[in-house]
Amino acid sequence: MFKKYDQKQQFLLPLNLESFVSEDHISRVINDLFDTVDINAIESTYSEEGCPAYHPRLLLKILFYGYLINIRSSRKIGGMTETDTAFMYLAAMQKPDFHTICRFRSTHLDSIREIFSQIVALCKEMGLIGSSISIDGTKVKANASPKQSKSSDAIEKEIDKILRESIETDEREDEIYGDSTPYRISEELVDKKHRLEKIKAAKKKMDEEKLKKVNITDPDAKIMKHKDGSLKPSYNCQVAVDEKEQIIVAADLVDEENDLHQIEPMIENVKETLGYKPTIVLADAGYFSYDNVQFLLDEEIDAYIPDNFYEVEKRGKTKKFRKLLFTYDEMKDCYYCPAAFEIPFTRIQKRENEPDLRYYVCKYCSLCVLKNACTDSKNRTITRDPREYLMEDMRAKLNTEEGTEQYQKRMYTVEPVFGQMKQDRGFREFLLRGKRKTKIEFLMMCTVHNIKKIADFAKRRGKSLKEILNMITGGGSQGLNKGGVLAGIANMLC
Ligand code: SF4
């Protein structure tokens with residue numbers, strides 16, 4: 001026996017779009033969210049005249065749903081509106097072509113930044129955000145081949161080659177056409193002209209920014225070392241993730257390979273989005289600098305950031321005596337070594353834009369039985385930055401039970417976020433090019449991450465997003481957090 005199978009059957013009642021996806025399907029969360037976000041900025045760019053355009057909410061829904069399920073190409077998203085029930089539901093059976101989707105994405109990049117902030121504000125109102133954040137960065141490959149990263153010499157040679165080849169093509173065409181003009185310029189010449197323009201623009205950027213290499217395909221991307229040791233044109237994606245529900249509360253994209261200068265901008269970013277500063281900040285050793293620690297102290301933020309040598313010294317993995325074994329005497333401005341000799345201050349090293357570095361040189365090493373374990377040099381030298389107390393205080397804090405516990409939270413707050421983006425959503429390479437566009441593409445990835453967290457929260461509560469929003473705004477008996485940004489949303493839901 002088989003169930004009845006008839007592809008020509010007629011439906012008694014018209015199809016209901018709501019039946020295309022299950023009650024708890026994540027596309028419903030996307031639908032409810034993008035029915036409520038404020039899109040005045042996008043709507044204001046449309047003209048009242050001419051042929052009616054696809055509704056921006058429709059395009060936002062299918063774009064963000066695509067990003068959520070690892071479909072970022074506008075061609076594929078367009079195709080899915082014809083074959084996939086969730087896309088059909090979100091697009092209400094309309095079928096925008098890929099030109100429309102692509103144009104919409106590039107026209108409204110800046111509004112997408114605003115949508116990220118609105119969704120973070122919504123998470124805040126839903127009580128999904130606390131005040132302890134972890135900051136981290138990951139390198140994501142640009143949409144460009146490493147082979148297209150070239151030095152100044154290589155670029156000059158390629159410009160010469162293209163010019164030479166173009167002249168040869170011209171001469172060949174002269175032979176064929178004589179004084180008459182061909183119907184249109186050959187594709188070969190058009191390609192060469194296009195390539196030449198790109199190379200010249202890349203060379204200009206290289207000269208302006210005094211770069212050693214530049215990528216012709218995406219001149220904004222920089223060669224960066226990835227965890228597997230490979231070197232690729234990439235961007236450094238930064239996030240600040242709240243501990244409570246792993247919501248990304250701030251995100252940015254920079255073309256600087258190391259994370260050293262990202263603490264202050266990220267804290268400012270968090271303040272701008274949340275309206276308050278975090279009370280606790282966790283970050284790995286890549287973010288440690290005296291300036292960063294001092295900034296966080298001035299901001300009265302409780303920071304947990306180890307320095308680069310903290311782990312190595314803690315595990316005693318250094319070959320020679322660790323600096324930790326030398327005790328500093330502030331009164332006498334000297335160190336005491338493990339053999340109990342006094343190491344006096346000897347000289348100063350001047351540094352650009354940094355305080356002088358102080359040198360302390362031991363005079364007793366030649367007499368010492370511990371010398372082999374201490375130094376290969378004639379005399380052991382210890383250096384001291386006047387701000388070193390910041391590192392010592394930080395190490396002391398990290399060594400406490402509470403400090404260790406706090407710092408470990410970083411591992412399950414921020415690290416899984418990049419895992420989910422890269423493993424679950426396939427975000428290993430940008431689709432768009434240039435810093436401005438990749439920044440927005442990264443914000444879209446962060447937005448869908450937060451949407452997934454909202455969907456998980458709703459699922460745990462066994463309610464639809466609409467029901468939760470009604471509860472928050474006072475529509476239900478278990479109000480979570482009344483007022484705020486949701487007042488407007490509540491009106492739209494009613
Ligand atoms: S080698 Fe010099 S600095 Fe090291 S323990 Fe001996 S005396 Fe002290």
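Axes here are lines fitted to C-alpha atoms, for helices over the stretch in contact, and angles run from 0 to 180 degrees between N-to-C directions. Helices (H or I, at least four residues) and strands (E, at least two) are DSSP runs, numbered from the N terminus. The model is predicted, so local features need pLDDT of at least 70 and side-chain atom pairs count only at pLDDT 80 or more, while totals for chains, interfaces and linings use all residues. Residues are numbered from 1 along each chain as its sequence is written, and side-chain values use heavy atoms, with hydrogens and water left out.

**View 1. Helix α3 packs against helix α6.** The axes of α3 (residues 56–68) and α6 (residues 98–107) are 11 Å apart, at an angle of about 90 degrees. That makes the pair roughly perpendicular (65 to 115 degrees; under 35 is roughly parallel, over 145 roughly antiparallel and the rest oblique). On the α3 side, look for P56, L59, L60, I62, L63 and Y67; α6 brings T100, I101, F104 and R105 to the contact (heavy atoms within 4.5 Å). Eight of these residues are nonpolar, one is polar and one is charged (Ala, Val, Leu, Ile, Met, Phe, Trp, Tyr, Cys and Pro count as nonpolar, Asp, Glu, Lys and Arg as charged, and the others, Gly among them, as polar).

**View 2. Helix α3 also meets helix α17.** Here the axes of α3 and α17 (residues 435–461) come within 9 Å and cross at roughly 80 degrees, so this pair is roughly perpendicular too. L63, F64, Y67 and L68 of α3 face E441, M444, M445, T447, V448 and K452 of α17. The contact of α3 with α17 has seven nonpolar residues, one polar and two charged.

**View 3. T138 sits in strand β1 (residues 132–141).** With a relative accessible area of 13%, T138 is buried (under 20%; exposed is over 50% and partly exposed in between, with a 1.4 Å probe and protein chains only). Leaving aside residues up to four places away in sequence, T138 touches Y235, N236, C237, F418 and K422. The side chains of T138 and K422 make a polar contact at 2.7 Å (a pair of N or O atoms within 3.5 Å; within protein, one must be able to donate a hydrogen and the other to accept it, and residues adjacent in sequence count only if both atoms are side-chain atoms).

**View 4. M93 has a positive phi although it is not a glycine.** Its phi is about 65 degrees. You will find M93 in the loop between α5 (85–90) and α6, partly exposed at 40% relative accessible area.
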